[in-house]
Amino acid sequence: MVSPELIRRYPFFGGLSYEELELIAHAGQEQTVATDHRFFSEGDELAAFYLVVEGAVAIVMAVPDRDTAQTVAGQLMGEIATCDVTVSTVGTGEVFGWAALVPPNAATAGAKAVTPCRVVAFDMAALRPAFEGNWHFAYLLTQKMAQVISDRLRDIRIETLVLQR
């Protein structure tokens, strides 16, 4: 559990009542990770979403590595060498891992620390029962996550334009 006072200062949690902040705080666990720590990879099932308290996290997508020779046999077998491309960077006060709130909870990108980070991981198994009993709470978090999703889509669109050059 983290303190509701810790999370209430971040805009993502604005508009929530103190009781709702307490529900989220009870589901939160603070973590400290080193640079290059991988929180999750594309396709992983996510059980938590994260708030960056200190540091920066790269949202990354695996793309075919242009610097590695790719064989036809490897391509047919799905064995393509890839590298990570950063499509967005998440900093202090921002959240990532939105797929934990949206079934089937599969990550659409990866996330890794680009600096030493302090984050809060919010366990969705602990939060889902609170959503069932408090539709206002569920609606507000869904709206806030929809904005995060919109921002990530914009970032991916921009990165795609840059990669095409």
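Analyst: Before starting, a residue counts as buried when its relative accessible area is under 20%, and as exposed when that area is over 50%. The model is a predicted one.

User: What percentage of the 165 residues of the chain count as buried?
Analyst: The C-alpha trace of the chain spans about 55 × 30 × 25 Å along its principal axes, and the chain exposes about 9100 Å², of which carbon and sulfur atoms supply 55%. With the cut-off of under 20% relative accessible area for a buried residue, the share of the 165 residues that count as buried is 42%.

User: In what pattern do the helices and strands follow one another along the sequence?
Analyst: The chain holds 5 helices and 8 strands. Among its contacts between residues at least 6 apart in sequence, 79% join residues at least 24 apart. Read along the sequence, the pattern is α-α-β-β-β-β-α-β-β-β-β-α-α.

User: How many bridges join β3 to strand β8?
Analyst: Strand β3, residues 48-54, is mostly covered, with 6 of its 7 residues buried. With β6 (residues 95-96), strand β3 pairs in the antiparallel sense over 2 bridges, where leucine 51 has valine 95 as its bridge partner and tyrosine 50 stands opposite phenylalanine 96. Towards β8 (residues 117-123), the bridge partner of alanine 48 is aspartate 123. The two strands β3 and β8 run antiparallel, and the number of bridges that join them is 6.

User: What is the average twist from one strand to the next in the open sheet with the order β2-β7-β4-β5?
Analyst: This sheet has 4 strands with antiparallel pairing, and its edge strands are β2 (38-40) and β5. From one strand to the next, the twist averages 35°.

User: Which residue in β5 is the bridge partner of proline 64?
Analyst: Strand β4 covers residues 57-64 and pairs with β5 in the antiparallel sense over 8 bridges. In β5, the residue that partners proline 64 is threonine 82.

User: Is serine 88 buried or exposed?
Analyst: Serine 88 lies in strand β5, which covers residues 82-90. Apart from neighbours within four places in sequence, serine 88 is in contact with Val57, Ala58, Ile59, Arg152 and Asp155. Its relative accessible area is 8%, so serine 88 is buried.

User: Which residues touch the most other members of the largest nonpolar core?
Analyst: In soluble globular proteins, nonpolar side chains tend to be buried together. The largest nonpolar core here has 50 residues, and those that touch the most other members are Phe13, Phe39, Phe49 and Phe96.

User: What is the relative accessibility of phenylalanine 49?
Analyst: Phenylalanine 49 is found in strand β3. Not counting residues up to four places away in sequence, phenylalanine 49 touches several residues, among them Phe12, Phe96, Leu101, Phe122 and Met145. Phenylalanine 49 counts as buried because its relative accessibility is 0%.

User: With which residues is phenylalanine 39 in contact, leaving aside neighbours within four places in sequence?
Analyst: Phenylalanine 39 is one of the core residues that touch the most other members. Its contacts beyond those sequence neighbours are Gln31, Val33, Tyr50, Val57, Phe96, Ala111, Lys112, Ala113 and Val119.

User: How many disulfides does a search of the whole structure find?
Analyst: A disulfide is a covalent bond between the sulfur atoms of two cysteines. Cysteine 83 is partly exposed, with a relative accessible area of 29%, whereas cysteine 117 is buried, with a relative accessible area of 3%. Across the whole structure, the number of disulfides found is 0.

Methods: Residues are numbered from 1 along each chain as its sequence is written. This is a predicted model: local features need pLDDT of at least 70, side-chain atom pairs count only at pLDDT 80 or more; totals for chains, interfaces and linings use all residues. Side-chain values use heavy atoms; hydrogens and water are left out. A nonpolar core is a set of buried Ala, Val, Leu, Ile, Met, Phe, Trp, Tyr and Cys residues joined through side-chain atoms within 4.5 Å. Buried means under 20% relative accessible area, exposed over 50%, partly exposed in between (1.4 Å probe, protein chains only). Contact means heavy atoms within 4.5 Å. Two strands pair if DSSP finds at least two bridges between them. Axes are lines fitted to C-alpha atoms, for helices over the stretch in contact, and angles run from 0 to 180 degrees between N-to-C directions. A disulfide is a pair of cysteine sulfur atoms within 2.5 Å. Accessible areas come from the Shrake-Rupley method with a 1.4 Å probe; for residues, only the protein chains shown count as cover.
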